[in-house]
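Here's a quick briefing to get you started with a new structure.

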Amino acid sequence: MSVVVKRVTAMLALGGAVLASAPAFADADEDNLVINGDIAIVTEAKAPAHMEYVDTIYSGWRFRSDETQVMQADDFDNPGMIGVENAMEKWAAVDGSEGKSCASCHGDAEESMVGVRPVYPKWNEEAQEVRTLEMQVNDCRENRMGAEKWGYTSGSMVDMVALITSVSRGMPVSVAIDGPVAETWEQGKELYYSRTGQLELSCANCHEDNYGNMIRADHLSQGQINGFPVYRLKNTKLNGVHARFKGCVRDTMAETYSPGSAEFVALELYVASRGNGLSVEGPSVRN
């Protein structure tokens, strides 16, 4: 798509919200991400076969400023790693009526959790449902530890997901979309392309039709979630996937869904699958 066409499309798709500040084109840069000098991150890949309108997928890291990008390249500079450190303490802490910690069953997170993040959300055969990582954490807390569930977007939960994610950095996202998850995946796809709210916008209007455009002060990415949890400089904390979904839906001036809802679980499954082939890179740093 030409620069001119993308500019026109952006104005037509985003309506008055965009017309207030004419968009400019600034596609993904060509920088490479290597964390701590030894974890190579794939930030560009051929789009999965199920994506009909995009040939190449890019991590959101490629759309950020140099100053933001460099923060993620070193764990000492990445503020999201504070959440990982907090979660390591929780991992070892006994909690609940069963006198267990996460480590009681799983041992060292840096060994036992490698490869977990890339395949979530995934089908849970015992529960007969698609589960996000947050759902699985709470299942362990409630049914293995006898502990209270954490709030879906609480600090403790987001920190724990950041820890589990961090040990798989560099591994390719590989979320299944067939078999028992297929129905949920289709539901997520429908949500992704459905226009909502007074602005009548879908996820695709911004992140598929207009990625690369500058809308006001924001550089639109493809909305990939391989970098979550994300430390946002805007609110100076780690943010989970469903918290970001909630904010996006709210920005269309629509009634949004709740974190952990069936709708957002389906949407996460679909959006995660759009990043198949990119590296897990969370906790990442974004605007």
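Two residues are in contact when they have heavy atoms within 4.5 Å of each other. Keep in mind that this is a predicted model.

**The chain as a whole**

- You'll find twelve helices and twelve strands in the chain.
- The radius of gyration comes out at 19 Å, close to the 19 Å that the globule rule gives for 287 residues, so the chain is as compact as a globular protein of that length.
- Taken along the principal axes, the box that the C-alpha atoms fill is roughly 60 × 40 × 35 Å.
- Buried residues make up 49% of the 287 in the chain.
- Look at contacts between residues at least 6 apart in sequence, and 68% of them join residues at least 24 apart.
- As for the surface, the chain exposes about 13500 Å², with 50% of that supplied by carbon and sulfur atoms.

**The second largest pocket**

- This pocket has a volume of about 450 Å³.
- It's lined by 23 residues, and the closest to its centre are His-106, Gln-136, Val-137, Asp-139 and Cys-140.
- Which element gives the most to the lining of the second largest pocket? That's α7, with seven residues.
- By class, the pocket lining splits into 13 nonpolar, five polar and five charged residues.

**Asp-139, up close**

- Asp-139, one of the residues closest to the centre of that pocket, sits in helix α7.
- Is Asp-139 buried or exposed? Its relative accessibility is 18%, so Asp-139 counts as buried, given that the cut-off for buried is under 20%.
- Leaving aside residues up to four places away in sequence, Asp-139 touches Arg-131 and Arg-144.

**The cavities**

- How many cavities of 30 Å³ or more does the structure hold? There are two.
- The largest cavity has a volume of about 150 Å³.
- Its lining has 14 residues, and Arg-117, Tyr-120, Val-173, Ile-225 and Asn-226 lie nearest the centre.
- Helix α12 (residues 262–273) gives the most to the lining of the largest cavity, with three residues.
- Nine nonpolar, three polar and two charged residues make up the lining of the largest cavity.
- The second largest cavity holds about 30 Å³ of space.
- Around the second largest cavity you'll find Arg-117, Glu-134, Val-161, Phe-228, Pro-229, Gly-240, Val-241 and Glu-268.
- That lining has four nonpolar, one polar and three charged residues.

**Thr-43, in a loop**

- Where is Thr-43? Look in the loop between β3 (39–41) and β4 (44–46).
- Thr-43 has a relative accessibility of 4%, so it counts as buried.
- Not counting residues up to four places away in sequence, Thr-43 touches Asp-31, Leu-33, Ile-57, Tyr-58, Ser-59, Trp-61, Arg-62, Leu-278 and Glu-281.

Note on methods:
Residues numbered from 1 in each chain as written. Predicted model: local features only at pLDDT ≥ 70, side-chain atom pairs only at ≥ 80, totals over all residues. Heavy atoms only, no water. 1 Å grid on protein atoms, 1.4 Å probe; cavity = no way out; pocket = protein on both sides within 12 Å on 5 of 7 lines; lining within 4 Å. Points joined across faces, edges and corners; volume = space filled by probe spheres on them. Helix = DSSP H or I, 4+ residues; strand = E, 2+ residues; numbered from the N terminus. Nonpolar A, V, L, I, M, F, W, Y, C, P; charged D, E, K, R; others polar. Rg over C-alpha atoms; globule rule 2.2 N^0.38 Å. Buried < 20%, exposed > 50% of the residue type's maximum accessible area, 1.4 Å probe, protein only. Areas by Shrake-Rupley, 256 points an atom, 1.4 Å probe, with all protein chains shown as cover.
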